[in-house]
Amino acid sequence: MQDRDNRYGLLLRRRELLAFLGGAAAVWPRPGAAQQPKVPVVGVLVVGAPGSDRFSRLFREDLGERGYVDGQNIRFEFRSDQGQASRLPALAAELVRLKVDLIVTWFTPAALAAKQATEEIPIVMAAAGDPVATGLVESLSRPGGNVTGIAAVGAELAGKCVELIRDMLPAARRVAALVNAPDPFSKPFLEKIRLGGEATGTMIEPVMIHSTAELDAAFPAMEKERPDAMVVQPSLPTKRVAELSVKYRIPAVSFVRDLVDEGGLMSYGFSEADAYRRAAVFVDKILKGAKPADLPVEQPTKFELVINLKTAKALGLTIPPTFLARADEVIE
């Protein structure tokens, strides 16, 4: 009888031990689980211009060179307005709800939408025109707040484009400014073009585009008093602008290379590859603990003049050899 009681007691203790171990397995972490670091999530918000694809590719490559591999030690959440700027606020709010660790923006409207959506999450501008004038930062040296990155100096370059048009096409006297009206950058963009016109004795004619639906109608309207050339705000759909410029024989120029790659005549602007590389540096610093307010906004230092000679021939233009010699690249 005593032996049976002993065996019964031993069986109970064994069951208690198994139950304890089973419960412990449910709450104790597996070996190494506690050491797994949190993978940072980077939201990327872009305007749906054609160049956003190149930006996304180059930016990821640049981060890869700094040791960040998508799906391993970093994760991206890409959002594009697909050419509809009115979607940007909702897309920015979505990234905030996802609790991303950082937001990278491409072009001014995306940066403004991100800033309006959050004052807490760090924001890195991969390229934004005149961030002081548009209210993105307090100053370049002391940005304050949660925004820093690359200032594209696009407004100044837009004015420079007027000067280059006169050098390339000496007979040019009337230049249209194709303006993306809803883009807050449109104001400094147009102001600098007008200053460029005053400096060179060139008449500037603003053509305000309030939606992409107005773009096709704008070109035949210009035929009544055809301009000698046009400076294009790059947040417009550059591929369609390039197609229309050739169709209506109006030389198109911009300070972003997208336009000339798509068939525009000329671009003079900052080196995008260099700017995106610097944006990756900002992201790396912030993910390692730096605060945007302590990181001065940088301006591009490398600029490129690109001429599409194929488009020049299609437009029946002869580019002076001395001007061609100034180009960093000629597309033939």
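Contact here means heavy atoms within 4.5 Å, and axes are lines fitted to C-alpha atoms, for helices over the stretch in contact, with angles from 0 to 180 degrees between N-to-C directions. Helices (H or I, at least four residues) and strands (E, at least two) are DSSP runs numbered from the N terminus. The model is predicted, with local features needing pLDDT of at least 70 and side-chain atom pairs pLDDT 80 or more, while totals for chains, interfaces and linings use all residues. Residues are numbered from 1 along each chain as its sequence is written, and side-chain values use heavy atoms, leaving out hydrogens and water.

Helix H6 (residues 186-200) lies across strands S6, S7 and S8 (229-232), and runs at about 170° to S6. These strands belong to an open sheet of seven, ordered S7-S6-S8-S9-S10-S11-S12, with mixed pairing; two strands pair if DSSP finds at least two bridges between them. Strands S7 (203-209) and S12 (329-331) are at the edges with a single partner strand each, so one side of each has no neighbour in the sheet. From one strand to the next, the twist averages 20°. Strand S6 (residues 174-180) runs parallel to S7 and is joined to it by seven bridges, with alanine 177 opposite proline 206 in S7.

On a 1 Å grid over the protein atoms alone, a cavity is a set of points where a 1.4 Å probe fits but cannot get out, and a pocket is an open set with protein on both sides within 12 Å along at least five of seven lines; lining residues have an atom within 4 Å of a point. A volume is the space filled by probe spheres set on the points, which are joined across faces, edges and corners.

The largest pocket has a volume of about 390 Å³. Its lining comprises 24 residues, of which Asp81, Gln84, Ala85, Asn180 and Pro182 are the closest to the centre. Helix H4 (108-117) and helix H3 (88-97) each supply at least two lining residues, and the largest share, four residues, comes from H4.

Two cavities of 30 Å³ or more are found in the whole structure. The largest holds about 100 Å³ of space, and the closest to its centre among 15 lining residues are Phe107, Gly129, Phe185, Pro234 and Phe255. H4 contributes at least two residues to this lining, as does strand S4 (123-128).
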